[in-house]
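Me: Got a model open here and want to go through some contacts with you. Can you put it up?

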Amino acid sequence: MSPLPAPRPPAVETEQDGPVLRVRLNPAKEDDVLSAAVLDDLIALLDGLHERPDVRVLVLSSLGEDFCTGADRGEYLDALAADPTGAALRRAADKAQRLCHSLENTHAVTVARLHGKVIGAGLALAAFCDLRVGADTCRFRMPEVGLGLPPAWGGAMGRLISEAGAARIRELALTCEVFDATTAHRLGLLHKVVPADQLDRAVGTWTRPLARRSPEALVLTKRMVAGYARADRTSDVSLLDSHLLGAALGRS
């Protein structure tokens, strides 16, 4: 009888401190991409929060050199090679949509703690967090067009436009230019910019008072703001993202 395969090591690390759950990407410090394993673990974690009302705040960060350098494009190409119809690729890309939807709709107030490079899917993931603080050394980029792809990860285009405005997101998506933390703050993609060694202190200025707030008031306020923000996204085309991505990769 063949031995059972060893369990996959977790792709995220979690630590709970009272009502605050800290979620850290890349515990193995191997790379900073959003692989299928990372998406699976984050989706499972967020789904599990439905049964954990004690968690009021979720802080998302990374143990790697960068917060996130984007999606694992190699996995997408492998999925397309294994199934030229694109069905496997679309299923993989749909995971990103499910993750971002879960992040946007979880009852916990979500805080992104950003450092290093925040690129592509990493920027999308951060954008779906309620509050975002970045080190003053952060560098951001939307590189998809430069790679011959549409910016179609997680349904993030609507979220980015509602947070930063169509004109600037159009410019950043088309030019793929790198922008710094000061620019991200001016656009509304960051709420705070601090030196890297003060990130934890800045996060604490949010988490401590949030932990004392009424859970019902937090949930209602978060959902009210989300509802009003979605008012201009009623014709949301993000459900097509996996199809757009599959078509683009199939031609590359």
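Me: Start with the strands. Which residue stands opposite Phe179 in E10?
Reply: Phe140 stands opposite Phe179. Strands here are DSSP runs (E, at least two residues), as helices are (H or I, at least four), numbered from the N terminus.

Me: What kind of model is this, and what gets counted?
Reply: It is a predicted model: local features need pLDDT of at least 70, side-chain atom pairs count only at pLDDT 80 or more, and totals for chains, interfaces and linings use all residues. Residues are numbered from 1 along each chain as its sequence is written, and side-chain values use heavy atoms, with hydrogens and water left out.

Me: Back to E10. In which sense do E9 and E10 pair, parallel or antiparallel?
Reply: Antiparallel, over 2 bridges. Strand E9 covers residues 139-141. Two strands pair if DSSP finds at least two bridges between them.

Me: What's the strand order in that sheet?
Reply: E7-E9-E10. The sheet is open, has 3 strands and shows mixed pairing.

Me: Which are the edge strands?
Reply: Strand E7 (117-119) and strand E10 (179-180). Each pairs on one side only.

Me: New topic. How many salt bridges?
Reply: The count is 8. The rule: a side-chain nitrogen of Lys or Arg within 4 Å of a carboxyl oxygen of Asp or Glu.

Me: What does Glu13 pair with?
Reply: Arg24, with the closest N and O atoms 3.3 Å apart. Glu13 is in strand E1 (residues 12-17) and Arg24 in strand E2 (residues 20-25), 11 residues apart.

Me: Is Arg24 buried or exposed?
Reply: Buried, at 17% relative accessible area. Glu13 is partly exposed, at 33%. Buried means under 20%, exposed over 50%, partly exposed in between (1.4 Å probe, protein chains only).

Me: Which residues make up the network there?
Reply: Glu13, Glu15 and Arg24, linked by salt bridges.

Me: Now helix H5. What does Arg159 meet?
Reply: Glu104, in a salt bridge of 3.1 Å, N to O. Arg159 lies in helix H5 (residues 156-164) and Glu104 in helix H3 (residues 87-105), so the pair ties together parts 55 residues apart in sequence. Both residues are buried.

Me: And what is Glu163's partner?
Reply: Arg132, with the closest N and O atoms 2.6 Å apart. Arg132 sits in strand E8 (residues 131-135) and Glu163 in helix H5, 31 residues apart.

Me: How accessible is Arg132?
Reply: At 1% relative accessibility, Arg132 is buried. Glu163 is partly exposed, at 26%.
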